[in-house]
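Reader: I have a new structure open and would like to talk it through with you, one topic at a time. Could you keep the answers plain?

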Amino acid sequence: MKKGKNKEFSTPYTVTNAVAKGNIITKLSLLIMGLGNIAHKQIGKGIMFLAVEAAYIWYMIQSGIYNLSMLPSLGWREQEKVWNEKKSIYEYTAGDQSSLILLYGVATVYITAMFIIVWRESVKSSYKSEVLAKSGKHLNNFKEDCKSLLDQNLYKLLLVAPVMGILIFTILPLIYNITMAFTNYSKVNDHLVLFDWVGLANFKKILNFGDSIGKQFYSVLGWTLIWAIVATALNYILGMILAIIINRKETKGKAFWRFCFVLSIAVPQFVSLLIMRTMLQPTGIVNTLLLKYGLIDTALPFFSNATWARVTVIVINLWVGIPYTLLQVTGILQNIPGELYEAAKIDGANAVQTFFKITLPYMLFVMTPYLITQFTGNINNFNVIFLLSGGNPTPVDATAGKTDLLVTWLYKLTVDKNYYNLGAVIGIMTFIVLAIVALVTYRNTASYKDEEGFM
C-alpha cells in the first residue's frame with residue numbers, strides 16, 4: 001500500500017512526466033509550444049499554442065523586457081525645461097512616471113504568469129497526444145475539440161468570459177494596488193510623479209502607536225469593529241423581533257405592516273440619508289422644532305459631537321437596514337414546520353424555550369451567509385457614514401474623523417490627501433480584518449449548528 005492519498009483529479013499527463021518520459025518531440029515542446037500537437041496531427045490546437053508563444057515573445061521584445069527592467073527603480077528621469085533657441089520658448093521633456101512604470105511592470109509580470117500557465121498546458125497536451133498515439137487511441141482534431149465545447153466541455157466555454165473578466169478587471173488592479181503599499185507614492189516630499197520602493201515602511205508607520213497616523217489607524221479600526229458589530233447585531237435582533245411580531249397569528253393586517261416597513265427600501269438609500277442629514281443639522285427641522293417648543297435650549301450636536309455622531313449613524317442605519325432583515329426573517333419563519341411548535345407545546349415548552357430551541361437555531365442555520373455578508377457590508381458601509389456625517393467630527397490636524405470607517409478614511413487619504421501609499425496599506429488591512437472576522441464568525445456559527453443538531 002502506498003502511503004498517503006492520491007489526489008482526486010490526479011492525471012499522468014504532467015510536465016514532470018513529459019520531461020522524464022516524453023520523446024524528443026514532446027521535450028522540444030518545452031521550447032516550441034504546440035510542436036507535439038502538430039506532430040500528432042492536432043494542427044489547430046498546436047497552432048493556437050504556437051501563436052500564444054509568438055505573441056508573448058513579440059510583446060516581451062517590444063516592451064515587456066523594458067517594463068521589467070524599469071520595475072526595480074520605478075524611474076528616475078525628471079521632467080526638464082529646455083530653452084529652444086529657434087522657437088525662443090521653453091520646451092518640456094517628458095520624464096518618467098512611476099505610476100505608469102509600476103502599472104506596466106505589474107502587468108508584464110501578470111502576463112508572464114498567465115503565459116507560464118498556458119505553457120504548462122501546452123506541454124501536458126503534447127505529452128497526452130504522444131501517450132494516446134502510442135496506445136492507438138483516438139486523438140481529437142480541431143473540429144472535434146470545438147464541438148466538445150458545445151457538449152461535454154460546455155462549462156469551459158461559458159466560464160471563459162467571467163474568468164477573464166475577473167483576471168483582468170479584479171485581480172490585476174488588486175495586485176497593482178497592493179504594490180502601491182510598498183512605495184512612497186504620496187504628496188509628501190512631492191512623490192506624486194516619481195516615487196520609490198520603501199519596503200514595509202508604510203506598514204510600520206500605520207502600525208506604530210507613536211505615530212500620528214498609527215494612532216488614527218487604531219482609533220478608526222476600533223470604531224469600525226464596534227460599528228460593524230453593533231450595526232449588524234441591532235439590525236438582526238430588531239428585524240427578527242419585528243418579523244416575529246408581524247408574523248404572529250394574532251397580528252392583523254400583516255401585509256399592511258410589512259408594506260410600511262419595506263416602503264423605505266423603495267426610496268434610494270442616498271436620498272434618505274441626505275434628507276436625514278439635512279433634518280439633523282443645527283438649523284434643521286429636528287432642532288428647529290425642539291427649540292421652538294422649548295424642549296431644548298441649544299441645538300443638539302448630532303454631527304459635531306463624537307458620541308452623538310456615532311449614536312446617530314447607528315440609529316439611522318437601523319432605519320435603512322431593518323427592512324432587509326425583516327424580509328429575510330419573514331421568509332424563514334414561514335418555512336419553519338409548524339409540527340415543531342406543536343410538538344414543543346405538547347412537551348410543555350414555553351415561548352422562550354421554543355424560541356431558543358427551534359426558531360433561533362433554524363434562522364441561524366439559514367442566515368449565516370447573510371449575517372457574514374451584512375457584517376462585511378457594514379465594515380465597508382461607505383454610504384451611511386460618508387453621506388450622513390462625512391466622518392465628522394474631525395480633530396484638528398487629523399486625517400480621520402471620529403465616525404470614519406476604514407473605507408471612508410481610505411477615500412480621504414487617497415482622493416482628498418493624495419496619500420496613495422497609506423491608502424493602499426489601509427485597503428490591505430481592511431481585507432485582513434474582514435477575512436479574519438468572517439472566518440471566526442463562520443466557524444463559531446458552524447459549531448453552534450453542530451451543537452444544535454442542524455449539521
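This is a predicted model: local features need pLDDT of at least 70, side-chain atom pairs count only at pLDDT 80 or more; totals for chains, interfaces and linings use all residues.

Reader: Where does Asn189 lie, and what is its phi near?

Author: Asn189 lies in the loop that runs between α7 (154-180) and α8 (201-207). Its phi is near 60°, which is a positive value in a residue other than glycine. As background, most residues other than glycine have a negative phi.

Reader: And what about Asp397, is it buried or exposed?

Author: Asp397 counts as exposed, at 80% relative accessibility, and its phi, near 65°, is again a positive value in a residue other than glycine. The loop that holds Asp397 is the one between α16 and α17.

Reader: Which peptide bond is cis?

Author: The bond from Asn392 to Pro393 is cis, with omega near 0°, and Pro393 has its place in the loop between α16 (382-388) and α17 (406-416). For context, most peptide bonds are trans.

Reader: Changing topic to helices: how many residues does α13 have, and how far does it reach?

Author: Helix α13, residues 306-333, has 28 residues and reaches 39 Å from its first C-alpha to its last, which is close to the 40 Å expected at 1.5 Å a residue.

Reader: Where does α13 bend, and by how much?

Author: The bend is at Gly321 and amounts to about 40°, with a proline, Pro323, following within four residues.

Reader: What caps the N-terminal end of α13?

Author: Asn305 does, with a side-chain oxygen lying 3.0 Å from the backbone nitrogen of Thr307.

Reader: On to charges, then. How many salt bridges are there?

Author: The count comes to seven salt bridges, and one of them joins Glu130 and Lys134, whose side chains meet at 2.8 Å, N to O. Glu130 and Lys134 both lie in helix α5, four residues apart, or about one turn of the helix.

Reader: Are Glu130 and Lys134 buried or exposed?

Author: Glu130 counts as buried, at 1% relative accessibility, whereas Lys134, at 62%, counts as exposed.

Reader: What does Glu121 pair with?

Author: Glu121 forms a salt bridge with Lys124, and their closest N and O atoms are 3.2 Å apart. Glu121 and Lys124 are three residues apart in helix α5 (residues 98-134), so about one helical turn separates them. Glu121 itself is partly exposed, with a relative accessible area of 40%.

Reader: And Lys412, which residue is its partner?

Author: Its salt bridge is with Asp404, the closest N and O atoms being 2.7 Å apart, and both Lys412 and Asp404 are buried.

Reader: How many disulfides does the structure hold?

Author: The structure holds zero disulfides. As for cysteines, Cys146 is partly exposed, with a relative accessible area of 35%, and Cys260 is partly exposed as well, at 33%.

Reader: Last topic, the rings: how many aromatic pairs does a search of the whole structure find?

Author: Such a search finds 14 aromatic pairs.

Reader: Why would the pair of Phe182 and Phe203 tie parts together?

Author: Phe182 lies in the loop between α7 and α8 while Phe203 lies in helix α8, so the pair ties together parts that are 21 residues apart in sequence. Phe182 counts as partly exposed, at 25% relative accessibility, and Phe203 is buried, with a relative accessible area of 14%.

Reader: What sort of pair do Phe302 and Trp308 form?

Author: Phe302 and Trp308 form an edge-to-face pair, with 5.6 Å centre to centre and 85° between the planes. Phe302 counts as buried, at 10% relative accessibility, whereas Trp308 is partly exposed, with a relative accessible area of 37%.

Reader: Which residues form one aromatic cluster?

Author: Tyr185, Phe195 and Tyr420 form one aromatic cluster.

Conventions: Residues are numbered from 1 along each chain as its sequence is written. Side-chain values use heavy atoms; hydrogens and water are left out. Helices (H or I, at least four residues) and strands (E, at least two) are DSSP runs, numbered from the N terminus. The expected span of a helix is 1.5 Å times one less than its number of residues. The bend at a residue is the angle between axes fitted to the seven residues ending there and the seven starting there. A polar contact is a pair of N or O atoms within 3.5 Å; within protein, one must be able to donate a hydrogen and the other to accept it, and residues adjacent in sequence count only if both atoms are side-chain atoms. A disulfide is a pair of cysteine sulfur atoms within 2.5 Å. Buried means under 20% relative accessible area, exposed over 50%, partly exposed in between (1.4 Å probe, protein chains only). A salt bridge is a side-chain nitrogen of Lys or Arg within 4 Å of a carboxyl oxygen of Asp or Glu. Rings of Phe, Tyr and Trp (its six-membered ring) pair if their centres lie within 6.5 Å; planes under 30 degrees apart count as stacked, over 60 as edge-to-face and the rest as tilted.
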